[in-house]
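Thanks for coming, everyone. Please bring the structure up on the screen, and I'll walk you through the part I'd like you to look at.

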Amino acid sequence: MTTANGNFNGIQEYADDQGLKLDWIDQKGEWGVKASVDGQKGLTLSDVQVGSYGDPPPQSDNQTGKPRGAASRPNAYRIGGYQVRTKSDIWLVNASMLYEEALQRQWSSATDVPWHTIRPLPDDIERAQCQLATFLTEVEFVAADVPGRWVASTSPDYFEPRMFLITQIMDESRHLDVFRKRALANGGGLMQRPNVTTSGVVGSIDLSRDFTEMSSRLHISGEGAVLSIFRMGELMAYNEAEKRIYRLAAQDESRHVAFGVMHMRYLAETEPDRKEEVHEYLDEGERALVAGNQNPAARDTAQSEALAILLGGGEKNFDEGYRKLLAIRKRQAKEYVQRIRSAGFGERFDNGRALPELMEYVRS
Ligand SMILES: [Fe+2]
Ligand SMILES: [Fe+2]
């Protein structure tokens with residue numbers, strides 16, 4: 001038997017004796033690379049982005065599922081049919097770091113939430129909590145369902161953001177289950193489903209045909225709004241269990257939002273011709289942030305009324321709760337502006353393009 005480099009030292013005779021082919025042994029990608037281990041974090045995905053292995057191509061012609069950097073096999077089936085084959089369509093600088101962080105910060109909705117601290121609540125409070133939990137159960141389903149469709153559509157050459165999306169799917173599954181558990185943990189139950197899938201941003205997330213289009217709607221508009229609410233969870237929690245749920249969910253959401261912001265920043269820097277298109281998505285997202293159905297704090301919805309009851313401490317304090325809800329809307333608007341500036345699209349706040357109603361919240 002010969003290989004690309006002829007017989008190799010001493011192994012040939014053994015291979016012949018054993019009836020082995022060993023013709024794979026000289027087919028390899030770049031050889032001699034050695035990743036160094038960071039003492040504190042262990043061997044991370046960033047650490048193995050060495051040599052050509054850390055260098056995804058600007059365009060991927062990989063339709064066979066070949067791992068990035070491996071030697072190709074000419075007779076491999078074209079199993080992929082990947083839609084995302086342009087790096088800037090999905091890339092961000094720190095996906096591998098966000099992926100590792102996601103792995104390290106997984107938590108259990110069964111055992112990390114002190115469920116025993118939930119005590120019977122007044123009926124109006126319990127109903128409001130269950131209405132909000134019903135809304136969040138459905139929203140979290142969408143937040144896992146949509147990235148799931150993009151995982152198999154992305155070239156394995158861009159596996160870092162692809163694998164981050166897989167961690168997001170796990171996170172959102174846990175969010176779905178933790179809010180479902182809350183609805184069923186205290187004598188209440190699920191309430192009427194909100195109108196989030198047929199209109200507003202959540203509906204259009206499902207319809208996105210481009211990854212950045214989806215990401216701006218999901219990671220920036222949708223999850224950004226939800227993150228601001230989770231961060232104020234102390235104000236609407238009635239026990240340690242609810243506080244913990246909001247705190248742990250916020251930790252995950254901030255990672256998902258960071259993914260969207262960093263992707264948008266990468267796109268702005270590498271494909272400035274696409275900025276106007278992204279501004280269009282943001283126009284739509286701002287309208288939904290103020291008045292749409294995907295945002296529990298948006299006005300005149302079952303979930304915003306439920307929030308006002310939780311924030312005020314019951315139906316009798318609805319007005320007080322509504323004033324606190326306005327504070328949440330302001331926080332949402334301000335955090336949104338910070339994120340968009342950080343993503344490299346801040347010009348919309350300086351040139352008058354941003355929705356005036358949104359800017360009122362920012363200024364007030
Ligand atoms: Fe979530
Ligand atoms: Fe999320």
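Predicted model: local features only at pLDDT ≥ 70, side-chain atom pairs only at ≥ 80, totals over all residues.

Let's start with a term. Four donors count as tetrahedral if all angles lie between 85 and 135 degrees.

Now the iron ion, ligand 1. Which residues coordinate the iron ion (ligand 1)? They are E140, E172 and E253, each through OE, and H175 through ND1. The distances run from 1.8 to 2.3 Å. The angles among the four donor atoms are 84 to 142°, so this site is irregular. Along the chain, the donors are spaced E-x31-E-x2-H-x77-E. Two of these residues link distant parts of the chain: E140 sits in helix 4, residues 123–151, and E172 in helix 5, residues 159–184. They are 32 residues apart. Buried or exposed? E140 is buried, at 1% relative accessible area. E172 is buried too, at 0%.

Next, the iron ion, ligand 2. Its protein donors are E172, E223 and E253 through OE, plus H256 through ND1. They lie 1.8 to 2.2 Å from the ion. Here the four donor atoms make angles of 91 to 159°, and the site is irregular. The spacing along the chain reads E-x50-E-x29-E-x2-H. Again, a pair joins distant parts of the chain. E223 is in helix 7, residues 211–231, and E253 is in helix 8, residues 240–270. That pair is 30 residues apart. E223 counts as buried, because its relative accessibility is 4%. E253 is buried as well, at 2%.

How do the two sites connect? Look at E172. It bridges the iron ion (ligand 1) and the iron ion (ligand 2). How far apart do those two ions lie? The answer is 3.3 Å.

Most residues other than glycine have a negative phi. L22 has a positive phi of about 55°, although it is not a glycine. Where is it? L22 lies in the loop between helix 1 (11–18) and helix 2 (87–90). L22 is buried, with a relative accessible area of 15%; the cut-off for buried is under 20%.

That's my tour. Questions, please.

Definitions and conventions: Residues numbered from 1 in each chain as written. Chains lettered and ligands numbered in written order. Heavy atoms only, no water. Donors = N, O, S within 2.8 Å, 3.2 Å for Na, K, Ca; no water. Tetrahedral: all angles 85-135°; square planar, octahedral: opposite > 155°, others 65-115°. Helix = DSSP H or I, 4+ residues; strand = E, 2+ residues; numbered from the N terminus. Buried < 20%, exposed > 50% of the residue type's maximum accessible area, 1.4 Å probe, protein only.
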